[in-house]
Amino acid sequence: MTGPDPRVAVVVASRNRRELLLRTLPRHLALPERPRIVVVDNASTDGAADAVDALPGVELIRLERNLGGAARNVGLRAVQAPYVGLSDDDSWWRPGGLRRAADLLDRHPRLAVVNARILVGAERRLDAVCEEMARHVLPTVGDQPGHPLLSFIACGVVVRRRAVLELGGFSERFGIGGEELLGWDLAGAGWLMSYVPEIVAHHHPPPNDGRPERRERAVRNALWVTWLRRPARTAVERTVDVLHRCARDSATARGVARALTGLPWVLRERRVSPPHVEAMLRLLEAS
């Protein structure tokens, strides 16, 4: 297939990154697939929404409050394409990657997620998480392409829209992060996810972008996901392991405090993953 590809759209979630967004959106507009491009603005206060609204070829959805990563759900519901490339305001797709992902999703009806090889910064270094994905310790199911996954990186992934929305999409409670929860739930529902390094996305995050806060959030998210989906005994063991691996500093302490604040919600929403997902998690942890 050449020319515009109606099978795929692009959803960009953004907040208060006007200049970054204005640099990355032209890259989306130049893609040979000519995808429908929807920017979901998370109640920005820096004029980003007005700037995007003035760009031809880009659709804007203004949110009245910051939904974090759950803004992607709004974009997913707004498009009709069966497959959606998810990007952040600091990431974009290499030409041809969206079409290739759509071809894979067409050929593999159980495949819900195609994670790209993500190259970070001007030096194009491989994202450390992609390095882990490439180790391929999970078993391949049938003729599943690429490397099997249990989670994904939301700034460089093409998803089967229906699969994600059927499971409720990204959790608003997490704000930023929480892809593991959606990944585990997709696997629990019988969907497959793959890292396909032949498909490439670029990610240019600002330097030192909220590092202490990011570590704090990572601790909170790891504890929440563990207690939301792991068996009780395993959750205790993984909690000890998470805390053992963390630096003994104020960011970790704040992360634990935030996790404890959300404990009533976690216990209310707790639903242990099916045994096959737990087996996959144990396989990953043993590798």
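Predicted model: local features only at pLDDT ≥ 70, side-chain atom pairs only at ≥ 80, totals over all residues.

Which residues of H4 are buried? Helix H4 covers residues 97-107, and its buried residues are Gly 97, Leu 98, Arg 99, Ala 101, Ala 102, Leu 104 and Leu 105. Here is some background for reading such a list: in an α-helix there are 3.6 residues a turn, so residues three or four places apart point the same way. You can follow that spacing along the helix on your screen.

Two of these residues lead us to a neighbour. Asp 5 touches Arg 99 and Ala 102, and also Glu 33, leaving aside residues up to four places away in sequence. Asp 5 sits in the segment before S1. Is Asp 5 buried or exposed? Asp 5 counts as buried because its relative accessible area is 2%, and the cut-off for buried is under 20%.

Arg 124 lies in the loop between S6 and strand S7 (125-126). Its phi is near 55°, a positive value in a residue other than glycine. For comparison, most residues other than glycine have a negative phi. Arg 124 is exposed, with a relative accessible area of 52%.

Ala 43 also has a positive phi, about 55°, although it is not a glycine. You will find Ala 43 in the loop between strand S2 (36-41) and helix H2 (48-53). With a relative accessible area of 18%, Ala 43 is buried.

Now for the surface. Val 137, Leu 283 and Leu 284 form a nonpolar patch there, with about 200 Å² of accessible area together. One of them, Leu 283, belongs to helix H12 (residues 275-286), and Leu 283 is partly exposed at a relative accessible area of 37%.

Our last stop is the second largest pocket, which holds about 260 Å³ of space. It is lined by 15 residues, and the closest to its centre are Leu 167, Ser 171, Leu 181, Asp 185 and Arg 229. Helix H7 (179-188), helix H8 (211-229) and helix H11 (263-269) are the elements that give two or more residues to this lining. The largest share, three residues, comes from H7.

Methods:
Residues numbered from 1 in each chain as written. Heavy atoms only, no water. Buried < 20%, exposed > 50% of the residue type's maximum accessible area, 1.4 Å probe, protein only. Helix = DSSP H or I, 4+ residues; strand = E, 2+ residues; numbered from the N terminus. Contact = heavy atoms within 4.5 Å. Patch = residues over 30% accessible without salt bridge, like charges linked within 9 Å, V, L, I, M, F, W, Y side chains within 5 Å. Areas by Shrake-Rupley, 256 points an atom, 1.4 Å probe, with all protein chains shown as cover. Salt bridge = Lys/Arg side-chain N within 4 Å of Asp/Glu carboxyl O. 1 Å grid on protein atoms, 1.4 Å probe; cavity = no way out; pocket = protein on both sides within 12 Å on 5 of 7 lines; lining within 4 Å. Points joined across faces, edges and corners; volume = space filled by probe spheres on them.
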